[in-house]
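Subject: Structure handover

Hello,

Here is the structure I promised to pass on. Please open it and keep it beside this email while you read.

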Amino acid sequence: MKDIFCRIIEGEIPSSRVYEDEDCIVILDLSQLNKGHCLVIPKQHYETYLDCPDELLSHLSCVAKKIGNALMKAFGAKGVNILANCYPEAGQEVPHFHIHVIPRYEGITGGFALKTTPQDTSNVDFKALALEIAKAI
């Protein structure tokens, strides 16, 4: 059975895409920890960071850097967290490797433990948000 990210990559489930190339997509996370929280997802399925080939991992890291810089430019973020969780015991909820790029704003802390509660996204215009980030890339 395909996981949710495989289904998003194949277009079966809609998403707010920020960036795409032949190896990956970048989408807005539906449970925004902060405005602009993105996921960098390889198109080929790997369960975790630990399973991903080094060459692809390097490319995904460069894409995460590009997205982090775009978030700082587009929204004035003061920092970013770039991280990946490996296996459920470490907080991985979807068994498809992905990298979180989480912008941090002045007065909103998160730190290493990321004990940040997701924001209420009921009024978020994900398409407009994705467009702003894409323009800043």
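First, a term: contact means heavy atoms within 4.5 Å. Helices (H or I, at least four residues) and strands (E, at least two) are DSSP runs, numbered from the N terminus. This is a predicted model, in which local features need pLDDT of at least 70 and side-chain atom pairs count only at pLDDT 80 or more, while totals for chains, interfaces and linings use all residues. Residues are numbered from 1 along each chain as its sequence is written, and side-chain values use heavy atoms, with hydrogens and water left out.

Helix 2

Start with helix 2, residues 54-75. It has 22 residues and reaches 31 Å from first C-alpha to last. That is close to the 32 Å expected at 1.5 Å a residue (the expected span is 1.5 Å times one less than the number of residues).

Which residues of helix 2 are buried? They are Leu56, Leu57, Leu60, Val63, Ala64, Ile67, Gly68, Ala70, Leu71 and Phe75. Seen down the helix axis, they fall within an arc of 165°, so they line one face of helix 2. The arc is that of the directions from the helix axis to the C-beta atoms. Buried means under 20% relative accessible area, exposed over 50%, and partly exposed in between (1.4 Å probe, protein chains only).

What covers those buried residues? The cover includes strand 1 (17-20), strand 2 (24-28), strand 3 (38-42), strand 4 (79-83), strand 5 (99-104) and helix 3. On the other side of helix 2, Asp54, Glu55, Lys65 and Lys73 are exposed. Just after the helix comes glycine 76, with a positive phi of about 70°.

Helix 3 and the packing

Helix 3 spans residues 126-136. Its buried residues are Phe126, Leu129, Ala130, Ile133 and Ala136. Down the axis of helix 3 they fall within an arc of 125°, so they too line one face. They pack against strand 1, strand 2, strand 3 and helix 2. Lys127, Leu131 and Lys135 are exposed on the other side of helix 3.

Two packed helices are described by the angle between their axes and the distance between the axes. For helix 2 and helix 3, the angle is about 110° and the axes are 8 Å apart. The axes are lines fitted to C-alpha atoms, for helices over the stretch in contact, and angles run from 0 to 180 degrees between N-to-C directions. The two helices are therefore roughly perpendicular to each other. The cut-offs: under 35 degrees is roughly parallel, over 145 roughly antiparallel, 65 to 115 roughly perpendicular, and the rest oblique.

Which residues meet there? Helix 2 brings Ala70, Leu71, Lys73, Ala74 and Phe75. Helix 3 brings Leu129, Glu132, Ile133 and Ala136. Seven of the contact residues are nonpolar, none polar and two charged. Here Ala, Val, Leu, Ile, Met, Phe, Trp, Tyr, Cys and Pro count as nonpolar, Asp, Glu, Lys and Arg as charged, and the others, Gly among them, as polar.

Leucine 131 is in helix 3. At 55% relative accessibility, leucine 131 counts as exposed.

Isoleucine 137 sits in the segment after helix 3. Buried or exposed, or partly exposed? At 38% relative accessibility, isoleucine 137 is partly exposed. Beyond its neighbours within four places in sequence, isoleucine 137 is in contact with Val18, Tyr19, Lys66, Ile67 and Ala70. Isoleucine 137 and phenylalanine 75 are 62 residues apart in sequence and 12 Å apart in space, C-alpha to C-alpha.

Other places to look

Tyrosine 87 lies in the loop between strand 4 and strand 5. Most residues other than glycine have a negative phi. Tyrosine 87 is not a glycine, yet it has a positive phi of about 80°. It is partly exposed, at a relative accessible area of 32%.

Glutamate 93 is in the loop between strand 4 and strand 5. Glutamate 93 is exposed, with a relative accessible area of 76%.

Last, cysteine 6, found in helix 1 (residues 4-9). Cysteine 6 is buried, with a relative accessible area of 14%. Leaving aside neighbours within four places in sequence, cysteine 6 is in contact with His45 and His96.

Best wishes
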